[in-house]
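Here are some notes for a colleague who is opening this structure for the first time. Please keep the sequence and the 3D view side by side while reading.

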Amino acid sequence: MDVNNMDQPVTDAHSAGMPPAPSDSEATAPGESFGELLGSLEEQTTTTLTIGQRLTGKVLAINEDVTLVDIGYKTEGVIPTEELQISLKEITIGDEIPVVVKQLESPDGYVKLSYAEAQRKLVWEAIDRALKTGTPIRGRITERIKGGLRVNLGGVDAFLPASQVDLRQVRNLEAWKGREIEAKVIKVNRRQNNIVLSRRVLLEEEEARRRAEILSQLDEGYIVEGRIKSLADYGAFVDIGGIDGLLHITDISWKKIAHPKEVFKVGEIVQVKILKIDRETGRINLGYKQLWPNPWDTLPERLPPGSRIKGRVTRVTDYGAFVEVEDGVEGLIHASELTWDKRPKHPSKYVAVGDEVVVEVLQVDAPNRRLSLSLRQLQPDPWRLFAETHAIGARVRGRVRGITDFGAFVEVEKGIEGLVHISDISRRRVKHPSEVLKKGQEVEAIVKELDVNARRLGLSMKELEPDPWEEFFTTHRVGDIVRGKVVRFASFGAFVDVGGVEGLCHISELSEEHIEKPEDAVQIGEELDFRILRLDPEGRRIALSARAARRDREPAYTIGEDTGRIASLGEIGRASCRERV
């Protein structure tokens, strides 16, 4: 909104002095009739002036001190030329300007006028209208002041805060001095002559209108040309015909990149595809890689499971290594697929970033963009090699790598561990493997079970020890007296260790007297003599009697003439009853 029609400094239009005002005694000009003179006087007298009246006058002459203005009165008016300085454009002869009557016919014959006062009234009216309607107002920046800029609106000063000068922060406010701008009036306090402007609001509205117009011509799926405006860690901003769109880093290339600068330079002209438009917020998401086919779409046909391909290691993590096999396609070698070692080290011990490796494809999941690779599949399988040279019953040597409650793990070759179950550690009774073995100890064992597919190897150490049961049955017969130690109780009797094997002394054979429980007669760890009542080599069972061993004479525990036949407990009990009778 123009608050006046003057925008530049005043210049002197006449080198001569101001013409004198006409007087009543001045003679009639030659050729002018009395009637014409009378008519002119009547016309002049019809115009009446009052102090404070606002008029529109026409500039007749301009000199250094005063400016002559025709206001349609019998005499011209004059204003101080310096008042023209408040105009926003140059005032020249012939321009019409607003004035206010200050004094009627001064001694020098002219009406005293004020351009500044009239202009201020017009400006304030324009300011009120601009505030109510939201229309912009024009002004000139005159100086930099604290917190912003002072703006001349054509006789009235306003304040333009630094934050409202432009859409982005302005660092050099001094450079704005003398510039003509349009801005919106956002706050007015007439009592304090306080007017606050915002150029930023006006620019934002213009930007919104411009964006809306451009957006109306675009749609998702369009391929447009743009200029790389700026680069950030997360993507690139592209100017597509006066509106910015975001090209996210994940939409720049099918392959993984660390920063957009690997692909683009600021100012570069590129083609992009519109992926998404939010017409409410005006945000546009762009794509660059979408202009080329997705390599994952055809990957299952090009790299089926079992195929081998060369790639470059791009990342190494705790759980494996990532390998780029082609542009935009990266696969994972899981830590378990790096080596056949049963106890693998950190992946960084096998590969490093930048290494060229040949890998085997295990699985392709194109929809989820997952490619499983293996390095160890290209190496000999130690389990199959082991199976080729070792059969069930083969003797092996290894080192104890771990001990658990149920047994010990023994590494017999690199990448191959077998389990010695607690029941296979020794022929003697073992409560916990740590009683016999310790970590790092070298041991020998027999291959008891071998399953290559399940990666399972069962070992036995006790198979290398003499069988105490066979030795016992070979060297003892029914009726022999043996020395034994009570090792544990059951409700029906006590178990006794007799030379590395255990026999059972029934509760009825512990004492001459009737007892309710074994501990009434003997104690754990107690050693005493026992007589062998029964031998069962097949079932590996030995029946003992402490009561019979304490007798003076040996009872007949064989039945009939066959002294080699093992008597049953029932037969032994009946024989014992006959003896007591």
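1. Ring pairs. By the rule used here, there are eight aromatic pairs; rings of Phe, Tyr and Trp (its six-membered ring) pair if their centres lie within 6.5 Å, and planes under 30 degrees apart count as stacked, over 60 as edge-to-face and the rest as tilted. One of them joins Phe472 and Phe473 edge-to-face, at 6.4 Å centre to centre and with 80 degrees between the planes. Phe472 is buried at 5% relative accessibility, and Phe473 is buried at 15%; buried means under 20% relative accessible area, exposed over 50%, and partly exposed in between (1.4 Å probe, protein chains only). Phe264, Tyr288 and Trp292 are linked into a cluster by ring pairs.

2. Basis of the values. This is a predicted model, in which local features need pLDDT of at least 70 and side-chain atom pairs count only at pLDDT 80 or more, while totals for chains, interfaces and linings use all residues. Residues are numbered from 1 along each chain as its sequence is written, and side-chain values use heavy atoms, with hydrogens and water left out.

3. Charges over rings. A charge sits over a ring if NZ of Lys or CZ of Arg is within 6 Å of the ring centre and within 35 degrees of the ring normal. Arg179 places its charged end over the ring of Trp176, 3.8 Å from the centre. Arg315 lies over the face of Phe322, 4.0 Å from the ring centre.

4. Helix 2. Helices (H or I, at least four residues) and strands (E, at least two) are DSSP runs, numbered from the N terminus. Helix 2 covers residues 115-133, and its 19 residues should span 27 Å, which agrees with the 27 Å between its end C-alpha atoms; the expected span is 1.5 Å times one less than the number of residues. Just after the helix, Gly134 has a positive phi of about 80 degrees. Buried residues of helix 2 include Tyr115, Gln119, Val123, Trp124 and Ile127.

5. Two strands pair if DSSP finds at least two bridges between them. Strand 26 (residues 481-490) runs antiparallel to strand 29 (residues 527-536), with five bridges joining them; Lys485 has Glu527 as its bridge partner in strand 29. Strand 26 also pairs with strand 27 (residues 493-497) in the antiparallel sense, over five bridges. There, Arg488 is partnered by Phe495. Two residues lie between strands 26 and 27, which form a hairpin.

6. Salt bridges. The count is 40 salt bridges, each a side-chain nitrogen of Lys or Arg within 4 Å of a carboxyl oxygen of Asp or Glu. Which residue does Asp166 form a salt bridge with? The partner of Asp166 is Arg199, with the closest N and O atoms 3.6 Å apart. This pair links distant parts of the chain, 33 residues apart: Asp166 is in the loop between strand 8 (157-161) and strand 9 (180-189), and Arg199 is in helix 3 (residues 199-215). Asp166 is partly exposed at 26% relative accessible area, whereas Arg199 is buried at 15%.

7. A further salt bridge. Arg227 and Asp239 meet at 4.0 Å, N to O. Arg227 lies in strand 11 (residues 223-232) and Asp239 in strand 12 (residues 235-239), 12 residues apart. Arg227 is partly exposed at 34%, and Asp239 is buried at 19%.
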